[in-house]
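This report describes a few residues of one protein chain, together with the confidence of the model. Please look at the sequence and the structure before reading on.

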Amino acid sequence: MADVSAYQRLHPRAYYEKFLSERIRPDGRGLDEFREVQITAGSISTADGSALVRLGETTVVCGVKAEIAEPELDAPTNGYIVPNVEISAICSPRFKPGPPSEEAQVLSQQLYQTILKSQMIPANSLVIHPGKAVWTIFVDAVCINYDGNALDATLLAMVSALCNTRLPKAVYDEERNTTFCSREETVSLGIQKVPVSMTFGVFDSYHVISDPNSFEEPLLDSTVTVVLLGDEAISVSQGGLGLAQKTASDNPVQLLANCVDVAKKRHKSVQAALQPVA
């Protein structure tokens, strides 16, 4: 066992290739197999909404806090959604203490664009009084254990927390020029559909694997992320050095289509995990 562990550490690529030649991965999963998802909603009592998500061993906790703000002059009925991700040093030796890493900043921007594009919370649904008061929704996620694929886990934590969110009923008083919030009556964000992402890794320009873990990620040539809203793929994006060139049909477009098909099959199990939350 010690020899195997040493070989894995010293020659990770060769070690991984031996498994993939048998169409299996070191953690026992098949190439197109995702890890189990667990969602616990309402895990932070002091937040307006919260959720804890486990994707395999990757664990993300997310809290939602709402504040009242003035809208922009050119968008008097639009509120704000502000997602933020923290990947702290405690979650993995890979990350160092200090200011937010570039990876965390990129991830925050990806999540912001995904939530914005999905229209799961239209900006004009956050208005309290046009031109005077709107909601700002802060969505803060912290990765407390990292084992790869932070994007899928964090997006799932954020949408679960937003589905769990209840805001105090707010009324704007024009005479006093102020907003009053009820202590007894709360309202949900009225979310109907949520975006869910599925990420794939491309290894050695040939093998496509689902939901890469932290051992696999440094070995990948590139990644492909499919974002679904219901049954519709609203985004298919690639990151890394290059798309696989030696697919079964030598057609990278077909590879993307295959990823979308696998993502749609996976979506059913994720929706089942989300159902009690939503």
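## Two residues with positive phi

Arg23 is placed in the loop between helix 2 (12–20) and strand 1 (37–41). Helices (H or I, at least four residues) and strands (E, at least two) are DSSP runs, numbered from the N terminus. Arg23 is not a glycine, yet its phi is positive, at about 60°. Most residues other than glycine have a negative phi. With 54% relative accessibility, Arg23 counts as exposed. Buried means under 20% relative accessible area, exposed over 50%, and partly exposed in between (1.4 Å probe, protein chains only).

Gln119 is found in the loop between helix 3 (102–118) and strand 5 (127–129). Its phi is near 55°, a positive value in a residue other than glycine. Gln119 counts as partly exposed because its relative accessibility is 47%.

## How the model is to be read

This is a predicted model, in which local features need pLDDT of at least 70 and side-chain atom pairs count only at pLDDT 80 or more, while totals for chains, interfaces and linings use all residues. Residues are numbered from 1 along each chain as its sequence is written, and side-chain values use heavy atoms, with hydrogens and water left out.

The term pLDDT stands for the predictor's confidence in each residue, from 0 to 100. The protein chain has an average pLDDT of 90, and 95% of the residues score at least 70. Over residues 244–249, however, the pLDDT is below 50. In the model this stretch has 13 contacts beyond near neighbours in sequence, where contact means heavy atoms within 4.5 Å. Where pLDDT is low, the predicted coordinates should not be read in detail.

## A serine in helix 4

Ser160 belongs to helix 4 (residues 150–164). Is Ser160 buried or exposed? Ser160 is buried, because its relative accessible area is 0%.

The side chain of Ser160 reaches the backbone oxygen of Leu156 at 2.7 Å. Leaving aside neighbours within four places in sequence, Ser160 is in contact with Ile39, Ala51, Val53, Leu274 and Val277.

## Cysteines

A disulfide is a covalent bond between the sulfur atoms of two cysteines. Here it is counted as a pair of cysteine sulfur atoms within 2.5 Å. By this rule the number of disulfides is zero. Cys62 is in no disulfide, and the nearest cysteine sulfur, that of Cys163, is 11 Å away.

Cys62 is buried, with a relative accessible area of 0%. Cys259 is also buried, with a relative accessible area of 3%.

Definitions and conventions:
A polar contact is a pair of N or O atoms within 3.5 Å; within protein, one must be able to donate a hydrogen and the other to accept it, and residues adjacent in sequence count only if both atoms are side-chain atoms.
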